[in-house]
Amino acid sequence: MRAVDIIRAKRDGDALSREAIEAFVTGVTDGSWPDYQASALLMAIVLKGMNAVETAWLTDAMARSGDRVDLSHIPGIKVGKHSTGGVGDKVSIVLAPLAASCGVVVPKISGRGLGHTGGTLDKLESIPGFRVALSLDEYKKMLAEVGCCLIGQTATIAPADKTLYALRDVTGTIESLPLIASSVMSKKLAEGSDALVLDVKCGRGAFMQRPPEARALARALVSIGTAAGVRTEAFITRMDVPLGRAVGNALEIAECIDLLKGEGPADLTEVIVRLGTRMVRLAEQAASDDQATAKVRHALASGAALAKLREMIAGQGGDVSVVDDPSRLPSASLTRMITAPRAGFVTALDALLVGRAAVALGAGRDKKGDAVDLSAGILLPKKPGDAVKSGEPVMELRYNDPARLDAAVALATQAMVVGDLAPAPQPLVLGWVHDSGETMFVAGM
Ligand code: URA
């Protein structure tokens, strides 16, 4: 089938046949579809959508573009985790070693930065020497010996997603339920997990900004996983405000290390404990959610999760000394403070604008294959609810390229609102879609 005919069909709003979807995924994988045709079809999908059957075919074709890893020789229920992407979302980097220290085997294929959101692989690469491109044998060895491993898509594992993900990052083609669902689930079906805990982000800094869209994505992910024989559940969590107090690759790794040393921010800890609880339960490492939560909290407090992070870093070739001395992580040469325009309380901190400001500083990509500045990013000493004095620092921009500063300052300045009254605290976990139904924790979901 000719690429141009498939692009035209979707442009005109037709449902694509299975054959057309296979031709697209094969063409992307073997390189016979050039980037411009793949991008044109991606844009047509963003604009015209895909029905549930097309989405299932796309996911299946993408998952089959490489190997579906068989981990049956490793004892236990393997539980994966994935987020649909947020700002300051470093949950996976803590959760993989944390769950592994509770006895869960955690296979994980992650992604790079996508749009205004950061990517686990870029963050991990800020640890000197850390390798995310492991061979299949190395991946399996890590899982058998350490219990967790975070790798990227390769030529043999989810290669179609590797290409499409990089194109979507720079062509305005991220925000689409079928594209997000197929991207996430092709990696999850390939990675060898028996069960999955997903984090569907919802809000200003997420690709699904409104609750009905996030809920629809959560349902789609759970139904694709379940149909493929993988026990899958999805939390819907708020992403209006960046998670934690650091945005940017190396800055986020430092925050993960702090958290594992018991000094992490409350919001990040809450999401990690909630998701970790379910990972421990799905792996049958606790008899109830309460027991699982106690196990997760103990692994955090006892240092067991931090020890597992060290093992993971060492196993993937990274410099373990960053754990004791985070100043060994890449650090930016320049700093600009943003200060409060008046006294009062922080009433909003727009995750989308903070994410865009971090990308403007160099923490993300403008073009496919661009190098990211691993040290660039933003520290957030003030979050919604905090009192501020006039002129007090509220954001710290870290960067190396002065030409990038003005655009970032404009975005960061707009991101924060200071008002007279402290806003009411907002619940972080909004809903949970699981194999026996849907539980929504706030009204309006
Ligand atoms: N994470 C992914 O792996 N893919 C997306 O499309 C969005 C988030």
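**Cores, a loop serine and a helix pair**

Mentor: The largest nonpolar core has 100 residues. Leu-124, Ile-378, Met-395 and Leu-397 have the most contacts inside it. Keep in mind that this is a predicted model.

Trainee: Which domains does this core draw at least three residues from?

Mentor: Domain 2 (79-325 + 428-440) and domain 3 (331-419). There is also a second, separate core of 27 residues. Ile-224, Val-230, Ile-236 and Leu-430 are among its members.

Trainee: Back to Leu-397. What is it in contact with, leaving aside neighbours within four places in sequence?

Mentor: Its contacts include Leu-334, Ile-338, Leu-361, Ile-378 and Val-409. Thr-335 and Arg-336 are also among them.

Trainee: New topic. Where does Ser-193 lie?

Mentor: In the loop between helix 9 (177-190) and strand 4 (195-202).

Trainee: Is Ser-193 buried or exposed?

Mentor: Buried, because its relative accessibility is 7% and the cut-off is under 20%.

Trainee: What does its side chain make a polar contact with?

Mentor: The side chain of Glu-191, at 2.8 Å. A polar atom of the Ser-193 side chain also lies 3.2 Å from the backbone nitrogen of Gly-80. Not counting residues up to four places away in sequence, Ser-193 touches Val-230, Pro-107 and Lys-78, among others.

Trainee: And helix 9? At what angle do helix 4 and helix 9 pack?

Mentor: About 40 degrees, with the axes 8 Å apart. Their crossing is right-handed. Helix 4 makes the contact through Thr-55, Leu-58, Thr-59, Met-62 and Ala-63. On helix 9, the residues involved include Pro-178, Met-185 and Leu-189.

Methods
Residues are numbered from 1 along each chain as its sequence is written. This is a predicted model: local features need pLDDT of at least 70, side-chain atom pairs count only at pLDDT 80 or more; totals for chains, interfaces and linings use all residues. Side-chain values use heavy atoms; hydrogens and water are left out. A nonpolar core is a set of buried Ala, Val, Leu, Ile, Met, Phe, Trp, Tyr and Cys residues joined through side-chain atoms within 4.5 Å. Buried means under 20% relative accessible area, exposed over 50%, partly exposed in between (1.4 Å probe, protein chains only). Domain bounds come from an automatic or database domain assignment. Contact means heavy atoms within 4.5 Å. Helices (H or I, at least four residues) and strands (E, at least two) are DSSP runs, numbered from the N terminus. A polar contact is a pair of N or O atoms within 3.5 Å; within protein, one must be able to donate a hydrogen and the other to accept it, and residues adjacent in sequence count only if both atoms are side-chain atoms. Axes are lines fitted to C-alpha atoms, for helices over the stretch in contact, and angles run from 0 to 180 degrees between N-to-C directions. A crossing is left-handed if the near helix is turned anticlockwise from the far one by less than a right angle, and right-handed if clockwise.
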